[in-house]
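Please brief me on this model.

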Amino acid sequence: MVSNLKQKVVIIMPTYKEAENISKMVPVLFEKEFPKIAADMHLLVVNDLTAEGTDDGTGDIVRSQMKKYKNLHLLESTKQGLGWAYIRGMKYAKDKLNADAVMEMDADFQHPPRFVKPMVEAYLNGSDYVIGSRYIPGGSVPSEWAIHRKAISYFGNLFIRLVLLKPKLHDLTTGFRLTKVKGVLDKIDLDSLMEPERFAYKVDLLYQSIKNAKNVKEVPLEFAPRTEETSKFSMKEMISTFRVAIILGIKDKQKFIKFGTVGFAGYLVNAFFLYIFASRLHWPEVFAWAGSTELAIINNFTFNNIWTFKKEKITGARELFLKFIQFNGTSIGALLIQTVVGSLGVSLLGQQYRQLLLPFIIVFLVLPYNYFMYNVVIWKSWKLPRMFGGKRVIKT
Ligand code: GDD
Ligand code: MN
C-alpha cells in the first residue's frame, strides 16, 4: 500500500510536431483532470526538434504555459527517436523531480485525458505497474479504424503475447502505462533498452517492468482516433517491435533450453553407467540402478548450478552440501511420480505401452516438476504470488 503522503506522479509526454495537440492537452490536464486526482500530478513534455533545431512551435507553446502551471516541465533536444525521449524523460522524472511514479502518455488525445485518473487510482490502491489496456472489457480501439488496421493491432499484440508467454496480460503494445519508481523503474537499466530510437523500446520496457513488478494491473483504455497532425508509427516501427519481442522471447527460453540440455546429458550419464555397472562390472541390479542414477543426479546438480542457474549459483562447501541433499530430495519426488504414474499406466493400458509411457511421463510430468522445483525450491529464481491474503496478483 502506498503511504498517505501525497504521491508525486509525473506524466511523461513525448512530442514531435504536436503544436495543435499540446496547446489543448496541457490545459485539459491541469484544469480538468488533475484537480480530480488525489496525487501530486506533474506533466513533463519531452519535445524533439528537427536536425536543424527547429520545431512547429510545440516548445514555445509549452514554455508559455509553464508560466501558468508550475507543475509543467519541458525537456528539449534534437530528435533521437521515441524510446530515447522516454528514457530522458524517465531519468529526469526519477532523479530531478523525485517522482514516485511515472506515466507514459501520447500528446495526440489518442489516450483520452479522462483515463489518467483510473490509472493513478490503481497505483494509489497498491499496483506498481498499470497498463492502459485496449483489449480488456471496457477498453477499445477506434470504431472508425478500418478492419485491416484493427486486425494488425489485434494480431500483432496477440503474437507478442504468445512469444513472450504472457497470456494473462492483454495489451503488450499500449503506449499508456504507469510505472512505480521504487522497486520497478529504478531496477531497470534504461541505457541498455533494445532499439531505443524506435517505438519498439516499449516492448523491452514492459518486459523488464513486469519482471520487477509485484502487482500488475490492467485498466481499460478507449484508444481514440487521431484528429490533429499525423502518426509517426510506420511499417518499419512495426517490424522492429516484432523483432524485439522475438529476441526477448528467445532469451526468456534460454534457461529452459539449458535445463533441457543438462537433463538430456543426465540421461546419457545414467544410461552409460547403468551399462558399465550392470553389464561390465556385474554389480547387483539395485546397486547398478542406484549408482548410475546418483551419478546422473550429480551431473544435473553440478551443470544446472554452474550453467542453467549461473545467476543464482550456489557456492560454499556447506551451502552446496545442503543444497545437494535437498536436490536429491526433489529428485526422489520425480522418481515417485515416474514410478506411480508408470506402473498405474501399465496396469491400466497394458504392458505393450510401457516404453511409450516413459517419454510421455518425462516430458509432461517429470520435466515440468523438475523445472518448477529448481526455480522455486533449489535456486529460487521465481517469486510466486502469495496465495492467501493480500491482493490479487498477476504473476507473469
Ligand atoms: N519526442 C518524440 N520523439 N516524440 C515522438 C517521436 C519522437 O521521435 N515519435 C513520436 N512521438 C510522440 C508523438 O508526438 C505522440 O505524442 C506520441 O509519441 C505517439 O506517437 P504517434 O505518432 O501518435 O504514434 P501512434 O499513435 O501511431 O502509436 C500509438 O500506438 C502504438 C502501438 O499501439 C502509440 O500509443 C504508441 O506508443 C504505441 O506503441
Ligand atoms: Mn497517436
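This is a predicted model: local features need pLDDT of at least 70, side-chain atom pairs count only at pLDDT 80 or more; totals for chains, interfaces and linings use all residues.

Residues are numbered from 1 along each chain as its sequence is written, chains are lettered from A and ligands numbered from 1 in the order written, and side-chain values use heavy atoms, without hydrogens and water.

**Ligand 1**
- The shell counts 25 residues, each with a heavy atom within 4 Å. The closest are Glu 18, Lys 79, Lys 202, Ser 231 and Lys 232.
- A nitrogen atom of ligand 1 is 2.7 Å from an N or O atom in the side chain of Asp 48.
- An oxygen atom of ligand 1 sits 3.1 Å from a polar backbone atom of Tyr 16.
- Alone, ligand 1 exposes 740 Å², and the protein buries 94% of that (Shrake-Rupley method, 1.4 Å probe).
- β1 (8–15), β2 (40–49) and α3 (82–96) each give two or more residues to the shell. Such elements are DSSP runs, numbered from the N terminus: helices (H or I) of at least four residues, strands (E) of at least two.

**Manganese ion**
- Asp 108 (OD) and Gln 110 (OE1) coordinate the manganese ion (ligand 2) at 1.9 to 2.0 Å.
- Donors are N, O and S atoms within 2.8 Å of the metal (3.2 Å for Na, K and Ca); water is not among the atoms, so the site may look incomplete.
- Asp 108 is buried at 3% relative accessible area, and Gln 110 is buried at 8%. Buried means under 20%, exposed over 50%, partly exposed in between (1.4 Å probe, protein chains only).

**Domains**
- An automatic or database assignment gives domain 1 (4–252) and domain 2 (254–378).
- Their centres, taken over C-alpha atoms, are 46 Å apart.

**Positive phi**
- Most residues other than glycine have a negative phi.
- Glu 195 has a positive phi of about 45°. Glu 195 lies in the loop between β6 (177–180) and α6 (201–212) and is buried at 17%.
- His 282 has a positive phi of about 55°. His 282 lies in the loop between α7 (235–280) and α8 and is exposed at 61%.

Technical notes:
A polar contact is a pair of N or O atoms within 3.5 Å; within protein, one must be able to donate a hydrogen and the other to accept it, and residues adjacent in sequence count only if both atoms are side-chain atoms.
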